[in-house]
Amino acid sequence: MSGGSSNNPVVIITGAGSGIGAATARRFASHGYGVVLVGRRQGLLDDVRSDIVEGGGSALVVTVDLASDESAEEVVARTTSAYGRIDVLVNNAAYIQTGVLDDVTPELVDRHFDVNVRAPLLLTQACLAHLRRSPEASVVNVGSSLGSIVMPGTMLYGSTKAALEYLTRAWAYQLASDRIRVNCIAPGVIDTPIHATYSDNLEKTYADLARRVPMGRMGTPEEVAEWIWIVASPPTSWSTGNIIHVDGGHVLGIPEAAGG
Ligand SMILES: NC(=O)c1ccc[n+]([C@@H]2O[C@H](COP(=O)([O-])OP(=O)(O)OC[C@H]3O[C@@H](n4cnc5c(N)ncnc54)[C@H](OP(=O)(O)O)[C@@H]3O)[C@@H](O)[C@H]2O)c1
């Protein structure tokens, strides 16, 4: 991607190298958006970019650690230098580690809040001037069913997702007069690489997780990406401040048949 400006709308997606972020990147690209792929692992981001470019789309890779202070300005500078505009921001990257209150360390608290709350705050703030110029500006925060319900061992992660839901409503209220819509898609139990980052027995984790879903299976990244696209896209222009659960009923409670 070389410098310039784009006639097509542009979306920034964090955590775009895998799982829900990668599926969302492909979804927006299929609708003609220029896609800015943000994450730490260059190889994964390059693969998504290649897919998009081979399909006739346009994508830019920005490799940053979103926990760093400089990352927000760097993402915005690289995006505007390449495309000259920002229309949609998807705050999707996240960190999770399991543990109960006894396991909490200052480092674990900081890691969760740096990546899951502070980074979306600073990146959204850094995008504001550009979003205010867009005719169809939208921010989508990716929350979790665990922002609403308690699951053993996910206290820190769940509290960051609850914070992101609150920020969704606060930003939606503040930015309504700028015609910037802000919504939160809250997935539950999706088959992505995130589970390998905290589980040492993936087969058991997957079986336990699927058991907690009333619809009886894990969701796919594409099933979430579709909703991220829908809430950001122009036909839903009268919708802001919503928390939308995309979770096969996970947030409704553990099915009785599973012993819950
Ligand atoms: N899968 C589920 O069951 C589920 C359920 C509810 C909510 N969610 C939410 O869905 C979103 C996407 O997760 P996923 O399930 O698709 O998992 P995933 O494939 O592991 O995606 C997470 C992405 O975040 C990026 N990331 C993490 N830390 C980062 C950092 N410091 N800087 C930059 N990028 C960082 C990772 O890329 P790098 O490691 O390359 O940086 C990775 O691509 C998250 O917000 C998650 O909380 C998932």
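Visitor: At what angle do helix α4 and helix α5 pack, and how far apart are their axes?

Guide: Two packed helices are described by the angle between their axes and the distance between the axes. Here α4 (residues 106-133) and α5 (residues 155-175) pack at about 20°, with axes 9 Å apart. Helices are DSSP runs of H or I, at least four residues, numbered from the N terminus. Axes are lines fitted to C-alpha atoms over the stretch in contact, and angles run from 0 to 180 degrees between N-to-C directions. This is a predicted model: local features need pLDDT of at least 70, side-chain atom pairs count only at pLDDT 80 or more, and totals for chains, interfaces and linings use all residues. Residues are numbered from 1 along each chain as its sequence is written, and side-chain values use heavy atoms, without hydrogens and water.

Visitor: Is α4 roughly parallel or roughly antiparallel to α5?

Guide: The angle makes α4 roughly parallel to α5. Angles under 35 degrees count as roughly parallel, over 145 as roughly antiparallel, 65 to 115 as roughly perpendicular and the rest as oblique. The α4 and α5 crossing is right-handed, meaning the near helix is turned clockwise from the far one by less than a right angle.

Visitor: Which residues of α4 and α5 make the contact?

Guide: Contact means heavy atoms within 4.5 Å. Among them are L108, F113 and L121 of α4, and L156, L164 and W171 of α5. By class, this α4 and α5 contact has 14 nonpolar, six polar and one charged residues. Ala, Val, Leu, Ile, Met, Phe, Trp, Tyr, Cys and Pro count as nonpolar; Asp, Glu, Lys and Arg as charged; the others, Gly among them, as polar.

Visitor: At what angle do the axes of α1 and α7 cross?

Guide: Helix α1 and helix α7 (residues 221-232) cross at roughly 50°, their axes coming within 8 Å. The two are therefore oblique to each other. α1 passes α7 in a right-handed crossing. The contact includes I20 and F28 of α1, and V224 and W229 of α7. Its classes are nine nonpolar, two polar and three charged residues.

Visitor: How do the axes of α1 and α2 cross, and at what angle?

Guide: The axes of α1 (residues 19-30) and α2 (residues 42-54) come within 10 Å and cross at roughly 20°. That makes α1 roughly parallel to α2. This crossing, too, is right-handed. A22, A25, R26 and A29 in α1 meet V48, D51 and I52 in α2. By class, there are five nonpolar, no polar and two charged residues.
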